[in-house]
Amino acid sequence: MNSPSCVSVDRPDWDIFCAVVDNYGDIGVCWRLARQLSAELGMSVRLWVDDLASFARLCPSLAPSLDAQSIEGIEVRRWDAAALPAVTPAKQVIEAFACNLPEGFVQAMAACQPAPVWINLEYLSAEDWVGGCHGLPSPHPSLPLRKHFFFPGFRDNTGGVLGEADVSARREAQLADPAAGWAALGLTPPLAGELTVSLFCYGGERVDAWLDALLAHGEPVRVLVPDGRGAAEAAHWCGQWLAPGWQGQRGAVRVQGLPFVEQREYDRLLWLCDLNLVRGEDSFVRAQWAARPFVWHIYPQDDCAHLDKLRAFLALYAAELPAASAAALTDFWLAWNHGVGIEPAWRALLAERAALAEHARRWAAQLAQRDTLAVNLARFCESLL
């Protein structure tokens, strides 16, 4: 890429670079952030994505064959490092999750006067050390540029979490008419007395073990499984093959596969279910906004560093729970992530459902009282301009 002269009047407010990884979490976060910066803060956003075919699963209106297009007011560009067009870098540039900007683009940033604010948007964590690293600068070794680290988090000394200004209002409006919500998802409402659970995880033997625990418990349960990892295990458990519209039943447990849905429809699913099993970062945050009890399957790392993140969030989230509820929540989250001891931990979790439901509503209300990540990010960058 050739370094352009930075005099364009069409210089956007934001460039966001996103490398899509195997489980869509990175692009899920970046797409939500781009939409919020545009729709709520009135800023122009250019989103660079290296895998448009995967992005299209989250955003069905996207045309993967196009190098440039506008979706919901966002300029979406194909990120091809070998053929990146010469463009004027935005006033603020986000390198999402250390995805490494193209060298030619970095050179173009250095040629701008003034230079763009350069942000490395990090992964969300509740660990104590995050607050001390949030906002720290990192000078470029040879160019007149500084990168700042921006850490999402749950405390005042971090960048907050993503969430639209109207997410709570939209959730409550949907819950006022749940039948319409189920119809919008192409589903019937739950049967009388039936527990409804969404299952979105990284798969493995834990799925069979958990479904066995549901079967042994004997109470009516409907398990809704969006397409992705974990769906094959759920289908095979009830004697089905992965195919559009698959569903099956064993005992009082109904299991139904769902197509991969775009983000707003996934939000709707989380709002309507009694309990949500979620994974990664994006669905983890959306489960919190859903104000429902949830279980987090954190992305596993070889050195087990993910368990430190899991325990850090549990310590924060469960701090105001009664002791029995906190213990049941912690035990099941750890059993689910380790894949062992699921049946007894599940029974204990069910016994605390009422307390966990009330706590989930309080937690979502607390999130709504804080500035969101997009607002904090825009404020932070403005302070550096």
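How are H5 and H9 oriented to each other? In this predicted model, the axes of helix H5 (residues 167-175) and helix H9 (residues 263-272) cross at roughly 60°, so the two helices are oblique to each other.

**The H5 and H9 crossing**
- The two axes come within 10 Å, and the crossing is right-handed.
- On the H5 side, Val167, Arg170, Arg171, Gln174 and Leu175 meet Arg268, Trp271 and Leu272 of H9.

**The nonpolar cores**
- The largest nonpolar core has 73 residues, and Leu199, Trp210, Val223, Val255 and Phe313 have the most contacts inside it.
- Look beyond its neighbours within four places in sequence, and Trp210 touches Val197, Leu199, Val223, Leu277, Phe332, Trp336, Ile342 and Trp346.
- There's also a second, separate core of 39 residues, with Trp14, Val29, Val45 and Ala56 among them.

- Most residues other than glycine have a negative phi, and most peptide bonds are trans.
- Phe97 has a positive phi of about 55°, and Ala98 has a positive phi too, near 55°.
- Phe97 sits in the loop between strand E5 (92-96) and H3, and Ala98 is in the loop between E5 and H3 as well.
- Phe97 is buried, at 8% relative accessible area, whereas Ala98 is partly exposed at 42%.
- Gln113 and Pro114 are joined by a cis peptide bond, with omega about 0°.
- You'll find Pro114 in the loop between helix H3 (103-111) and strand E6 (117-121).

Note on methods:
Residues numbered from 1 in each chain as written. Predicted model: local features only at pLDDT ≥ 70, side-chain atom pairs only at ≥ 80, totals over all residues. Heavy atoms only, no water. Core = buried A, V, L, I, M, F, W, Y, C linked by side-chain atoms within 4.5 Å. Buried < 20%, exposed > 50% of the residue type's maximum accessible area, 1.4 Å probe, protein only. Contact = heavy atoms within 4.5 Å. Axes fitted to C-alpha atoms, helices over the stretch in contact; angles between N-to-C directions. Helix = DSSP H or I, 4+ residues; strand = E, 2+ residues; numbered from the N terminus. Parallel < 35°, antiparallel > 145°, perpendicular 65-115°, else oblique. Left-handed = near helix turned anticlockwise from the far one by under 90°.
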